[in-house]
Amino acid sequence: MKTDGKVENIPYTLLYRRGIRHITVRVKADGAVKVSAPYGISKVAVERVILSNKEKLLHTIIKQQQALHTYGSGELFPYEGKHYTLLLEPGEHAAITVIDSSLLVTYDPKKPLDSLGICRMIKELYREEARKRLTPLVSYWADILHLPFPPFSVRDSKSRWGSCSAKGRLNFSLRCQALSEKQLSYLVLHEMAHLVHFNHSKEFHSLLLHYMSDYKQVQRTIFSMQRETQLCF
């Protein structure tokens, strides 16, 4: 059961869930506050927890909102491990191309693009280019790990960088296009290692360490990019 609320100046969405024992408060990448609580917990108790963490929550909300893209010309976007500049120019039709270190978006002056339209174009560019980069890496690690080439998809995942299903299908976020080649290679290795060990056991981490001795450092750099790689919601 989901409900919206507001306590003082903090709006939130409350979701009652089975199987949990405590109230959990999270700030999403867009600054929205999400609360999970077990059934039977009153709204008063939930808001008491929110208020007890008010200063920390407000600080996090501001940081998340400041990191959101505005999609204006000159803004920087992470792309293949670097930062590319968004350029908006009038043209014959709406299109996006990569030129040098720029993401060039052209648009029909009679049909100007809003920020959501620009974001969607960037997302599709990321999706297409990420797939091109992922395919040879999936093939490479499949050979190294002596595995058949697994099916994979590129989705608009906002929290997870990648996942592996119980059926052996890999999913990657289109935000992967922001990663460097080393970071992307690690991400593919991580998800394909789940085809060998479908858990995060000692054996799983030993496999990662065997094939990439600095995987923990690489993993940390990926986690640090979570906020700046968020696109529109």
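Arg 155 stands opposite Ser 173 in β11. This is a predicted model, in which local features need pLDDT of at least 70, side-chain atom pairs count only at pLDDT 80 or more, and totals for chains, interfaces and linings use all residues. Residues are numbered from 1 along each chain as its sequence is written, and side-chain values use heavy atoms, with hydrogens and water left out.

Strand β11 covers residues 170–173, and four bridges join β9 to β11. The two strands run parallel. Strands here are DSSP runs of E with at least two residues; helices are runs of H or I with at least four; both are numbered from the N terminus. Two strands pair if DSSP finds at least two bridges between them.

The sheet is open, with three strands in the order β9-β11-β10 and mixed pairing. Its edge strands are β9 (152–155) and β10 (162–164), and each pairs on one side only. Neighbouring strands are turned by 15° against each other on average, direction ignored. Helix α3 packs on this sheet and touches β9 and β11. The direction of α3 makes about 155° with that of β9. Helix α4 also packs on the sheet, touching β10 and β11. The direction of α4 makes about 150° with that of β11. Contact means heavy atoms within 4.5 Å. Axes are lines fitted to C-alpha atoms, for helices over the stretch in contact, and angles run from 0 to 180 degrees between N-to-C directions.

**How α3 meets α4**

Two packed helices are described by the angle between their axes and the distance between the axes. Helix α3 (residues 115–144) and helix α4 (residues 181–193) pack at about 50°, with their axes 10 Å apart. That angle makes α3 oblique to α4. Angles under 35 degrees count as roughly parallel, over 145 as roughly antiparallel, 65 to 115 as roughly perpendicular and the rest as oblique.

From α3, the contact uses Arg 133, Leu 134, Leu 137, Val 138, Trp 141 and Ala 142. From α4 come Glu 181, Leu 184, Ser 185, Val 188, Leu 189 and Met 192. These contact residues divide into nine nonpolar, one polar and two charged. Ala, Val, Leu, Ile, Met, Phe, Trp, Tyr, Cys and Pro count as nonpolar, Asp, Glu, Lys and Arg as charged, and the others, Gly among them, as polar.

**The four-stranded sheet**

A further open sheet has four strands in the order β5-β6-β8-β7, with mixed pairing. The edge strands, β5 (76–79) and β7 (95–99), each pair on one side only. The twist averages 35° from one strand to the next. Helix α3 packs on this sheet too, touching β5, β6 (82–90), β7 and β8. Its direction makes about 15° with that of β5.

**Strand pairs elsewhere**

Some further pairings are tabulated here.

| Strands | Bridges | Direction |
|---|---|---|
| β1 (residues 2–7) and β2 (residues 10–17) | six | antiparallel |
| β2 and β4 (residues 33–38) | five | parallel |
| β7 and β8 (residues 102–107) | five | antiparallel |

Thr 3 stands opposite Leu 14 in β2. Strands β1 and β2 form a hairpin with two residues between them, and Glu 8 in the turn has a positive phi of about 55°. Leu 15 has Ser 36 in β4 as its bridge partner. For Thr 97, the bridge partner in β8 is Leu 104.

**Gln 66**

Gln 66 is found in helix α2 (residues 54–67). This residue is exposed, with a relative accessible area of 64%. Buried means under 20% relative accessible area, exposed over 50%, and partly exposed in between (1.4 Å probe, protein chains only). Gln 66 and Asp 30 are 36 residues apart along the chain, and their C-alpha atoms are separated by 9.3 Å.
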